[in-house]
Amino acid sequence: MSCSIGGCIPQGNKEIKNLKSFSTSAERFEGAHVLCPGCAHSIIVREVLNATNDNMVLGSSTGCLEVCTAIYPHTSWDSSWIHIGFENGSTAVAGAESANKALRRKGRIDPNTPEPKFVAFGGDGSTYDIGFQWISGCFERGHNMMYVCLDNEVYANTGGQRSSSTPIGASATTTPAGSTSYGEKQNKKDMMSIMAAHGAPYVAQIAPNKWKDMVKKIQKGFDANGPVYINAMSACTTEWKFPINQTIEVSDMATDSLVFPLYEIIEGKELNITYRPKNIVPVRDYLGVQGRFKHLFKKENEYLIDEWQKRVDANWEYLQRREEARV
Amino acid sequence: MYRNKKSMELNTVEVWDGNFANSHALRQAGVDVVAAYPITPSTGTVEGYASHHANGYVDGEIVMVESEHAAMSGCIGAAAAGARAATATSSQGLALMVETLYQASGMRMPIVLCLVNRTLAAPLNVNGDHSDMYLANQSGWISIDACTPEESYDLVLCAFRIGEHLDVRLPVIVNQDGFLTSHKAQNVRPLSDKDAYDFVGDYVEVNSLLNFDKPVTHGVQTESDWHYEHKAKQNDAMMNSVKVIEEVFEEYAKISGRKYNLIETYLCDDAEVVIVCMGTTYETAKVTADKLRAEGKKVGVLMPRVFRPTQIDLLAELLADKKAVVCMDRSAPGGQMGLLYNDVTGALFNTSARPLVSNIIYGLGGRDINVAALTDIFNTALEEVANGKLNGTIQRWSGVRGPELKYYNVKG
């Protein structure tokens, strides 16, 4: 699987026909980690790494993925991997990507060997909030890299504080629901549009329950030339408060209620919806299976559920119109 | 190595300011990745380097990032990927970078940072003092000080050799005074491109991210079980760097004729009163010492060329027989003694030497320090020696308008 600097056969995207061929593919992210049982991060990361046969330089921002996979003297990564800090995971990988360009130009790496893939992972805290500027800088400069946001809508590693990805009405430890508060007051930031507005060649939202859609998008992203943004919904059993064996079921409700619609934006313009649920699940049902929204079902807060449904409907309408308009 | 870039013909003597001198040292060292962000007064280092790049004299990457924090982050990523990496900054830029300074040293990345010293806001001020140099003083970076453009050129070349040495593998800051050095064109006697690169040598990769035969995990998490040992090893490398620094200075002297020392001294051997200072003040103090020597006064000047790691034993040795030592700190001390004072008194305390040691705070935000002021400082110290005691206080603020500011009373 690994390939030396000296030279090796060209590789590229992996052919994955079915779940069996996927599940038997090589492991570059090993099972040895201390993520919570039921955490979606590991599912997503495995799928990203398994989508290609190419060599990879991976980075992580400080967060659940990082602290659970690289606890000295152990590592879960059978691949080149770097972590620096909370906000600069993108730039760490961009630095390595720049080094790759320089070393190939100088002949210290044989320019005829296949290019590795550069992928940075970050949680929504390091993506939507503290690392936002670094990511924007990397995209504006056009580094040939993929940024994957593991979006669990909360600072999970530090124990459940709100981020700017936390949706309105969620109870987080810094925006708790209480007798005079329904929890988080702000709507989730629209990172997809923001990253598309950078003119990125490829931007996509994925979810671990739709693994075929996910692999296809990751491979499209790897084929793109330039910075690629992937927003990966990552259901968090600990902070969303659902049973640890329900991750995929909750994820199904997220995509089928269209709270997390699956779509892609090509060259900042062409929007394609990649999954249309046959039976659209009410937002109420999605909220109902998560403890973080429990208080919304009190009589005085129920209007928020109606408002949420209206927002989801309006967004779905918008996405469909964007898709149709091709602009 | 000259595969994709042009070599530049240089005159025996060039007239360069400190920034342009830095830019040539970076060019000749064949840096692979410069990730940088502009800030006065260090911008000229990057602009100069960018012009060399634009004209085909550089075959590395220049990444013009969106902040100094990103500049150092990019350098760390590049260094982890087996690249020689460097950047430049000043003041607020260094302050924004502080988190990554600790990450760079903790991850053992031999990055070179050209630090053009400027004060820290507030009040906002682009002019020079040593606040930024002092801010980095516990960051685990080797910190070396240059007084002139030529010294900065020399020491940037040396910095790559020192930091990249396999016994060291630590990042290195090369300081120079903002404007006074960075913007004053002076004579520089550069090496040829070939001699400079031969001196610096090829970059030796350690655990490169781009070596896929040997996947590595950089930037791990530790708990109380391993953190202490990591920091101990890191600090040990810093302490052991002294030997490497001396070897590199020795070797550089052979090819350039210019010998640097861990601590520079001027007329110190038989001096009774010594001023300890850094940067361009060392040059002015040397002129002042010459003047006072002509009057028969036994004065000398000392400068830590290598600010960190601190040369405690050497300081003690060089100052053992002095009657008075005046430590001049060009940084607002924040309610304590200046760092040079702490270094010097710390060095002397466990010896039998008991010179009068005083602390002058001066030159903040670019306030001029001149021969007249330094004459005054020397003469005050000579009077104190004659009286056998300090003139009332340990710390004095020199050259500040308004009432005299003196702190830390001494009895007896």
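Student: At roughly what angle do the axes of helix H10 (residues 312-319) of chain B and helix H11 (residues 339-349) of chain B cross?
Tutor: Good place to start, and keep in mind that this is a predicted model. The axes of H10(B) and H11(B) come within 8 Å of each other. That makes H10(B) roughly perpendicular to H11(B), because angles of 65 to 115 degrees count as roughly perpendicular. The crossing angle is roughly 75°.

Student: Which residues of H10(B) make the contact with H11(B)?
Tutor: Let's take the H11(B) side to begin with: Asp343(B), Val344(B), Gly346(B), Ala347(B) and Leu348(B) take part there. Counting both helices, the contact residues divide into seven nonpolar, one polar and one charged. On the H10(B) side, the residues are Ile312(B), Leu315(B), Ala316(B) and Leu319(B).

Student: How far apart do the C-alpha centres of domain 1 of chain B and domain 2 of chain B lie?
Tutor: Chain B is divided into domain 1 (14-256) and domain 2 (263-409). The two are in contact, with 26 residues of domain 1 of chain B touching 20 residues of domain 2 of chain B. Their C-alpha centres lie apart by 29 Å.

Student: Which element gives the largest share of the side of domain 1 of chain B that touches domain 2 of chain B?
Tutor: Helix H5 (131-135), strand E6 (142-145) and helix H8 (227-256) of chain B each supply at least two residues of that side. The side as a whole divides into twelve nonpolar, eleven polar and three charged residues. The largest share is five residues, and it comes from H8(B).

Student: Now for the two chains. Which element supplies the largest share of the side of chain B that touches chain A?
Tutor: Here 41 residues of chain B are in contact with 43 residues of chain A. Strand E2 (33-36), strand E3 (61-64), helix H3 (68-80), helix H4 (91-106) and strand E9 (217-218) of chain B each give at least two residues to the chain B side. That side divides into 18 nonpolar, 16 polar and seven charged residues. The largest share, nine residues, comes from H3(B).

Student: Which residue is the bridge partner of Ile82(A) in E9(B)?
Tutor: Strand E2 (residues 80-83) of chain A runs parallel to E9(B), and two bridges join them. Across this pairing, the partner of Ile82(A) is His218(B).

Student: Which strands are at the edges of the open sheet?
Tutor: Nine strands form this sheet, with mixed pairing, in the order E10(A)-E9(A)-E7(A)-E8(A)-E4(A)-E3(A)-E1(A)-E2(A)-E9(B). An edge strand here pairs on one side only. The edges are therefore strand E10 (270-273) of chain A and E9 of chain B.

Student: What angle does the direction of helix H2 (residues 41-50) of chain A make with that of E4(A)?
Tutor: This helix packs on the sheet, touching strand E1 (56-60), strand E3 (117-123), strand E4 (146-151) and E8 of chain A. With E4(A), its direction makes an angle of about 160°.

Student: What radius of gyration does chain A have?
Tutor: Chain A has twelve helices and ten strands, and its C-alpha atoms fill a box of roughly 70 × 50 × 40 Å along the principal axes. With 327 residues, a compact globule would have a radius of gyration near 20 Å. Chain A agrees with this, at 20 Å.

Notes:
Residues are numbered from 1 along each chain as its sequence is written. Chains are lettered from A and ligands numbered from 1 in the order in which they are written. This is a predicted model: local features need pLDDT of at least 70, side-chain atom pairs count only at pLDDT 80 or more; totals for chains, interfaces and linings use all residues. Two residues are in contact if their C-beta atoms, placed from the backbone, lie within 7 Å. Helices (H or I, at least four residues) and strands (E, at least two) are DSSP runs, numbered from the N terminus. Ala, Val, Leu, Ile, Met, Phe, Trp, Tyr, Cys and Pro count as nonpolar, Asp, Glu, Lys and Arg as charged, and the others, Gly among them, as polar. Axes are lines fitted to C-alpha atoms, for helices over the stretch in contact, and angles run from 0 to 180 degrees between N-to-C directions. Domain bounds come from an automatic or database domain assignment. Angles under 35 degrees count as roughly parallel, over 145 as roughly antiparallel, 65 to 115 as roughly perpendicular and the rest as oblique. The radius of gyration is taken over C-alpha atoms; the globule rule is 2.2 Å times the number of residues to the power 0.38.
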